[in-house]
Amino acid sequence: MSAKDFPSIGDNQNEEAMEVELNPNAIRTSETIRSPLRAAIESDTMAQTNLSDSPEDDSCDDNDPARPSGVIDYTFDDIVDPRTIDLKKERRILSDPVIIRCLPWRVLLLFSPERATMGLFLQCNDNSPAHNWTCSARAKLECISQSKPSLRKTYNIRHTFAAKENDWGYQTFLSYDELFNPDNGYVVNKKLHAHVEVEADAPHGTDWDSKKYTGFVGLKNQGATCYLNSVLQALYCTNSLRKAVFQMPTESDEICTSVPLALQRTFYDLQCSERAVGTEKLTRSFGWTTWDSFMQHDAQELCRVLLDNMENKMKGTDVERIIPTLFCGKMVSYIRCKNVEYESKREEQFYDIQLKVKGNQNIHDAFKEYVQVETLDGDNKYDAGSHGLQDAEKGIKFLRFPPVLYLQLMRFQYDFHSNTNVKINDRFEFPYELDLSDYLLEKTRQQTDGSPSYTKYFLQAVLVHSGDHHGGHYVVYVNPRGDNKWYQFDDDVVCSCRPKDAIEANYGNGSDPDCRAFTNAYMLVYIACDAREEVLCPVTDDMIPFSLTSRFCEERNVEEKERLAKDHAHEFATINLLFEEDFHGFEDAELFRINDIPVRSLKIKRQEVTEAKLTESIGEFLKCSPREFQLWRVTYTKTGNIEFSRKVTPSLPSTESVLTLWVQQRSRAIFTGSPTVDCYLCFFKYFDPSICTLCYCGFAELPASSNIEFLPELLTGRVGLPLTTPLAFYRKDASLTPRRVDLANILRKPKQGEVFYFHKTNVQPGQLH
C-alpha cells in the first residue's frame, strides 16, 4: 500500500490504530521494499472503580532502566528535502537512545532516492552482539508540526523485535510533499520533531535480571511447559500455601519419584535462587518422559493434581487442613417441587468453579448463568417418589466461598459440528474487585459456626493463553502483595507491568487495539479481602525447615559442581583404567569386552597429558608407587581388534577426550628374560577340553631376538599341567579365524597385545572353534 492510499490527515486527526504485522506499509528498513484495597465495596456491578485506571499505576521512574514504558522525544537537525540535493543513496538518521527494559531504543528516519516519502521506524538494541534476543513492544509513532502542535502524523505499531528485525515502522510515513510543505510546519529551520511512546515487555535472550528488577525469578521452559510454569508461579505466590508446602514431611522421599519433595525444591529455588529455575525434577516426579515435556497438558487438571498430592502428603501433620481451608468451598445442588412440600438437595465441595464464556459478557453474567434456576415441567417433570411426577425447580446455591477462589474460564470447548475442540476468544470482562454476595445462600451469609463468610474479593492472578486449541503460549500476571502492582511471569523472564496489561488487555476479542484477539485469560485467582493478610503472609528464608535447607543446599552444590564439570569438560581428558583382573571371566576368544568391565576413570587437564603426569596421577589414584606398574595405551581398530601401545600420550584430537590405559602390574608379568625395547606384549588363553572354555592365563613380554623355547614350560605351570605336556599354539589370521602356529613362528610379524591360544596336543583342533 502506497502513501496515497492512506486517508488525508487534517488538524487533530490521527491514523486509525493498526498492528504493523497486518499492514504491508509497515515493514523493516532492511527490506528492499519498504491500593491498597478498600475496606468495603460500594457496588457489585462491572462499573466499579477499577484501581488499574488510576494515573499513578501507569507512572514509572524515568531513571529506572528496567521501566516498562518510555518516551523518545527528539528533534532531528539538518533535515533537507532530498529532491533539492543529489541524494545518491539512502540517508539514515538516528536519535539518541532511550533505555527501556534495559535495552536502547532509537527513532530512525530514512530518506531514499527511490521514494518520495520519508520512513520513520522504531529501532531496538541495535549493534547487539547477541543473536537470539527478542523483545515484544507496542509504540505510537508521531511526527509533530512545530508551527501547529495540534497537527501530527500518527501510526501505531506492535512488533516482536529481534536481532534480524531490530527496527519496525513505516517507510512511507510522510510524503515529501506533506513533510516539506511550509504550511504544515513539520520541518522548520531544517529541524523535525519526532515523538514516540514505547511500551515493551521484558526481553528474552539478554542479560535481563528478573531478581534484581522484580524480586522474583522465572521458570525455564522445557519445550512446552509454559502452562506448568504459569500454574506453579500462581501457587508459589499464594504465600500461606508456600509456607505449608515447606512443612510437608519428605525426609525419606526421593526427589525423582516424590511430587511433594520436587515441589518443595521448586518453591525453595524460586525463593532462594538468583536466576531462572528448572522444573525437570518436578516433571520427572510426575513420571513424564522427555517427550511429555514437549506436550501441552490441561492447566486446571495439573493444578488439581498438584493440590491433591500436597493434601495427601499433609495428612497427619500440623498443616493437613491448609489445602481445604484455602481452596475448598461448598455448594448445594437442589431440586424443589413447586406444588408439594418435597425437596432433594446435596451438598458438594469444590476447589474451583468453571464459568462459561460463550454467551456471557462478564464474570457476573457467568455466575448468574451458573446459579440460574432450571424449571422441570412437561415431559421433563421431576420424579418425587411417593408424590409422583411433579413440576420442580433445579438449581445451585453457594454455601461458602473459599479464601482463595480459582475460576476457570471455559475457553476450550468441544464443537460437535467440526468434531474437534475449539477455542472461544469472545470478550469476557472481569473486575479487579469482585462481590459475590448475590450468589451466596441468604442464611449462610452470617456463618453460625463463627467461620468467616467471604464475599468480597480482589484479583491476585490472571493466567493467560495466546494461540488456538492446537497450542500456543501461556503466561501469568500476578499481583503478589494485593496492592494492584502487577508482574508478568513469562517462563524464565519476570517483569513489572501495568494493571491494564494484566486485566483489560486479556478480556479477549474487542475493539481495543491493545487487546489481541487470540490472547485472553483462561484462569483467574481471586483472594478474599478479609483473608489478605493471612493468605499473603510473608514467607522468609528462616521459615524453611533446616533439614530442607541443608538438603537442597547440598544438592545445589553437587549440581553446581556437575555444571562446572560439564562446562569445562573440553579442558580435560578422561583416563579410563584397565587392570589384569578385567581379563578374567571372558570365555570367548576376546581378551575383554569394554562394556562389561567396571569403569575406573580420572580427569586430567589436556595440556597435562604427559607420560610423567599420567604415571604420577595414576600412582596417586591407586595409592602405589609408579615403579610397581607399566602403562599401555589401548585402542580399538576399525576391524574391532584391540591394540596395545607403549606410547601412552599421543596428541589428542580436539574431538577426542578419552584415553584408555592398561595398568600392567610388573609383579604379575611372565618374563622369558629381562624385558628389552624389542619385546612384544602377548596374552595367552588356555582351552580346557574338560569344560570347553577359554581361560585367561596371563601375559608375557617376549623378546623378538631371543629364544622362547621355555614358554611352554611357563604356561603349563600357570595352568597346572605337567611341565612336559606338549602344547599346540594358535593365533588369529586376517579373517579373525584361529590358525595353528609353530612355537618358533609365534613372533613372526607380531603385534603388541596379540592374544595367543593354546591347548594340549591331544585336543582336536576343531574344538577350539
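Start at lysine 190: at 48% relative accessibility, this residue counts as partly exposed (buried is under 20% relative accessible area, exposed over 50%, partly exposed in between, with a 1.4 Å probe and protein chains only). This is a predicted model, where local features need pLDDT of at least 70, side-chain atom pairs count only at pLDDT 80 or more, and totals for chains, interfaces and linings use all residues. Residues are numbered from 1 along each chain as its sequence is written, and side-chain values use heavy atoms, with hydrogens and water left out.

Stay on lysine 190. Its loop runs between strand E10 (187–188) and strand E11 (191–200). Helices (H or I, at least four residues) and strands (E, at least two) are DSSP runs, numbered from the N terminus. Check the backbone: lysine 190 is not a glycine, yet its phi is positive, about 60°. Most residues other than glycine have a negative phi.

Next, select cysteine 102. What is its phi near? The value is near 65°, positive in a residue other than glycine. Cysteine 102 sits in the loop between strand E4 (98–100) and strand E5 (103–111). Its relative accessibility is 29%, so cysteine 102 counts as partly exposed.

Now select helix H15, residues 711–719. Colour its buried residues: Leu711, Pro712, Leu715 and Thr716. Looking down the axis of H15, they fall within an arc of 125°, so they line one face of the helix. That arc is taken from the directions from the helix axis to the C-beta atoms.

Then show what covers these buried residues. The cover includes strands E34 (679–688), E35 (693–703), E36 (727–732) and E38 (754–760); contact means heavy atoms within 4.5 Å.

Finish at glycine 720. This residue follows H15, and its phi is positive, near 80°.
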